[in-house]
Amino acid sequence: MTSRERVLAAINHKQPDRVPVDMGSNPSSGISAMGYNKLKAGLNIRGGHTRIYDVVQQLAQPEDEVLSALGVDVIDIGRAFNDSDADWYDITMADGSTAQYPKWFHPTLRADGSYLVERDGVSIARMPPGGAFFDQEYFPYLKGYPQDYSRLPAEMNKILWQALAHSPWDHASDATFWADLRAKALHLRQTTDKALMIVCGCNLFEWGTFLRRMDNFLMDILAEPEEVEKLLDALMELHLKGLEKVCNAVGDVCDILRFGDDLGMTGGLFMPPDAYRELFKPRHTQLNAYVHKHSNMKTFLHSCGSIYRVMPDLIEAGYDIINPVQTNCFEMDPATLKKEFGADITFWGGGCDTAAVLNKATPAEVRKHVLERCEIFAPGGGFVFNTIHNILPEVPPENVIAAFNAVKEFNGDNV
């Protein structure tokens, strides 16, 4: 099988020739730039560039040599943008190692060693001294909801996740963006056998937290559901317009469209299941239905935390894939997830615990852990190996290599 055939077989719940592998296809399955430099050294890969394509989370765009070394089967079409040396400039990261920022990103260094990003005179993002990512600073609806949503797009452009969007969306204002997106996706299709992913977000719950702040929005869900619905309807109007353009441009080229909406935390859902079913499930269903009707793409939901109690609802809403499968959370036992939902949704993640194993265990313990996860998730397809969320700066490179070598071992390769 080609990489693309392998990934699609797994998503279609057919046993592929080997467990497909992801690292870096989207900004929830990647590696921090500081961790990436260590990984390259561990793989004895010299030269090249550590390019921070997601400046908010400080994630590196994995280079072809690294993808090949780890056996990765899927890539983000955003990597086809900013492909010239002139699109980047060198910076020094908190650990003293070198990386590159896209030429459009120039945060302001403050006297205390922090970095700030401003838009229209407003501080929207801050990275503390020695930090590894930027935090949100500005919440446009902090004091209450607006009378109407005519300025919603402008306010969204002041939220760091949109203002500092990763590729390809950092080019979305280009006059030729949609034609370029199609041309670059087609070029990737012709030059690689890997599956192709496009990251679209279309968050609903998360946009509520970005606009109102988490504490306020959680209270609103229970105390002011009418206001929440008005906001969600305004967001849906924008999201569906965007999805129409995406489907028209690459719906016949791309294999997977990645949505995002973190619904859980370590100890449970952010809201009662009934609140999810009333406010968010109908709109998630509409988003999935649109993509499935107007493209050939499979839909992928990134949702952190304990989401076991709404897994049947996510399946009914039409998601094909769930990520990152955060098995260290309440009710997220991997064997239970596979038994109860493995025939209906693909687990893209769950392959290695990044909170307690990948960062703290020995390489031998990492190997054993990954082999156990593959034994649980791989039978019958419906599994793409990925660590549980991004690989952070402190993770030893030998542990990262041990994790991906364990998948190769499971697949019958000599490592």
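**Questions on the model**

Modeller: Lys 40 is found in helix 2, residues 33-42. Keep in mind throughout that this is a predicted model.

Colleague: Is Lys 40 buried or exposed?

Modeller: Residues under 20% relative accessible area count as buried. The relative accessible area of Lys 40 is 7%, so Lys 40 is buried.

Colleague: Where does Asn 44 lie, and is Asn 44 buried or exposed?

Modeller: Asn 44 lies in the loop between helix 2 and strand 1 (52-54). Its phi is positive, near 60°, and Asn 44 is a residue other than glycine. The relative accessible area is 53%, and over 50% counts as exposed. Asn 44 is therefore exposed.

Colleague: What is the phi of His 389?

Modeller: His 389 lies in the loop between strand 17 (383-384) and helix 14 (397-410). His 389 is not a glycine, yet its phi is positive, at about 75°.

Colleague: Is the peptide bond from Ser 167 to Pro 168 cis or trans?

Modeller: Pro 168 has its place in the loop between helix 5 (160-163) and helix 6 (177-191). Omega for the bond from Ser 167 to Pro 168 is near 5°, and the bond is cis.

Colleague: What is omega for the peptide bond from Asn 323 to Pro 324?

Modeller: Pro 324 is found in the loop between strand 15 (321-323) and helix 12. The bond from Asn 323 to Pro 324 is cis, with omega near 5°.

Colleague: How many residues of helix 7 are buried?

Modeller: Helix 7 covers residues 205-212 and is mostly covered. Those buried include Glu 206 and Arg 212, along with Phe 205 and Trp 207. Arg 213 follows helix 7 and has a positive phi, near 85°. The count of buried residues in helix 7 is eight of eight.

Colleague: With which residues is Leu 231 in contact, leaving aside neighbours within four places in sequence?

Modeller: Leu 231 lies in helix 9 and is buried, because its relative accessible area is 0%. The C-alpha atoms of Leu 231 and Leu 152 are separated by 9.2 Å, although the two are 79 residues apart along the chain. Leaving aside neighbours within four places in sequence, the contacts of Leu 231 are Tyr 141, Tyr 145, Tyr 149, Leu 152, Gly 208, Leu 211 and Phe 217.

Colleague: Is helix 9 roughly parallel or roughly antiparallel to helix 10?

Modeller: Helix 9 (residues 225-250) and helix 10 (residues 273-294) pack with their axes 11 Å apart, at an angle of about 10°. Angles under 35 degrees count as roughly parallel, so helix 9 is roughly parallel to helix 10.

Colleague: How many nonpolar, polar and charged residues has the contact of helix 9 with helix 10?

Modeller: On the side of helix 9, the contact includes Leu 232, Met 236 and Glu 244. Helix 10 contributes, among others, Phe 280, Arg 283 and Tyr 290. By class, the contact has 12 nonpolar, three polar and four charged residues.

Colleague: Which residues make the contact of helix 12 with helix 13?

Modeller: Helix 12 (residues 334-341) and helix 13 (residues 363-377) pack at about 15°, with their axes 9 Å apart. The crossing of helix 12 past helix 13 is right-handed. The contact is made by Pro 334, Ala 335 and Lys 338 of helix 12, and by Arg 373, Ile 376 and Phe 377 of helix 13.

Technical notes:
Residues numbered from 1 in each chain as written. Predicted model: local features only at pLDDT ≥ 70, side-chain atom pairs only at ≥ 80, totals over all residues. Heavy atoms only, no water. Axes fitted to C-alpha atoms, helices over the stretch in contact; angles between N-to-C directions. Helix = DSSP H or I, 4+ residues; strand = E, 2+ residues; numbered from the N terminus. Left-handed = near helix turned anticlockwise from the far one by under 90°. Contact = heavy atoms within 4.5 Å. Parallel < 35°, antiparallel > 145°, perpendicular 65-115°, else oblique. Nonpolar A, V, L, I, M, F, W, Y, C, P; charged D, E, K, R; others polar. Buried < 20%, exposed > 50% of the residue type's maximum accessible area, 1.4 Å probe, protein only.
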